[in-house]
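Good morning, everyone, and thank you for making time. Please have a look at the sequence and the model before I go through them.

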Amino acid sequence: MAENKSNTHLTGYEFEYDENPNTEEQEALAQQIMLNFKEAYEHKSALGLMEDWAVFEDYWAGRVNQGGGEDSPNSNTNIIQPIIESQVADLVDQPLDILIKGVEPSDQKYAKDTQAVVEWVWKKNNPIYKLDKAERQRLKFGGSVIKVWFDPHALNGRGLPTFDPINPANFFPDPKIKDFTKLQDADFIIHAMPKSIKYLRQRFGKRALAVEANAQYQYSPLIYTDSDKDAGNSAGNSQALLIEQWSKELDENGNWVLRVVHMANGVILRDSFEDMKDEESGKPQSYYKNGKYPFVYIPCYAREGVLWGL
């Protein structure tokens with residue numbers, strides 16, 4: 001294990017790193033993931049989405065049209081934020097009831113218990129906070145991304161069906177998809193987010209020891225390219241970009257097999273095709289039995305020929 005040389009001033013963010021443990025097959029997989037990420041990133045850049053979202057955020061935050069002094073006061077009254085926030089309040093405060101009925105008469109006796117379970121899961125997801133965040137993103141950026149998945153780390157490791165709003169800046173779907181209703185037809189979907197080295201090591205164990213900190217990303221999933229103000233200090237130098245790629249492959253029976261791979265700085269941290277194999281055949285199993293991506297995109301106003309809404 002190599003020693004980190006930057007120890008002249010201890011900050012609490014000094015790490016030792018192992019060599020990259022990727023096999024040749026994993027190295028090829030890492031390169032393919034980066035190609036997919038680059039393709040999706042450049043497609044969003046070509047559409048000007050990051051720049052538009054930065055402008056929208058500035059208008060919502062009241063950072064535009066600032067006065068230039070007494071001789072040039074300009075109008076800096078922020079009317080965007082109260083309009084959006086009033087709409088968010090109306091959308092989130094609507095009452096929501098869960099009602100489950102059995103398909104067959106014999107199912108009715110289980111419906112009440114199932115409804116109680118779903119209501120419990122719903123409440124455990126802190127829905128008011130998450131809906132508030134999702135609706136605000138939808139109104140500001142023209143759409144919101146919801147990740148519906150099973151979190152194995154929730155409830156002290158017992159797990160919980162979970163839904164989380166994702167910033168669209170961190171969402172990189174297959175550029176071939178031009179209709180939000182056809183998201184399941186994508187060859188891949190990438191969720192990219194900066195994470196601390198400590199988080200990676202806690203979450204992924206030994207393989208994460210090879211991930212070196214890097215706060216300057218070649219393809220940054222940030223709305224503001226210069227928004228990472230801590231990139232030059234010790235905190236900024238203790239993080240890396242975690243890329244979570246979801247993809248589908250057809251098995252011999254023509255069914256979709258869902259695969260998820262986690263990668264940071266070229267190191268394959270986890271591959272579901274390696275971790276989830278059938279005990280008898282040894283073939284990779286689908287991460288979710290239905291073979292579907294755990295993402296939903298909800299546009300504010302849908303556009304023809306473009307996945308992203310207005």
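I will speak about a sheet and then about some aromatic rings.

This is a predicted model, in which local features need pLDDT of at least 70 and side-chain atom pairs count only at pLDDT 80 or more, while totals for chains, interfaces and linings use all residues. Residues are numbered from 1 along each chain as its sequence is written, and side-chain values use heavy atoms, with hydrogens and water left out.

The open sheet has 5 strands in the order 3-4-5-6-7 with antiparallel pairing, where strands are DSSP runs of E of at least two residues, helices are runs of H or I of at least four, both numbered from the N terminus, and two strands pair if DSSP finds at least two bridges between them. At the edges are strand 3 (171-173) and strand 7 (267-271), each pairing on one side only. Strand 6 (residues 256-264) and strand 7 are joined over 4 bridges in the antiparallel sense.

Turning to the rings, those of Phe, Tyr and Trp (its six-membered ring) pair if their centres lie within 6.5 Å, with planes under 30 degrees apart called stacked, over 60 edge-to-face and the rest tilted; the count by this rule is 13 aromatic pairs.
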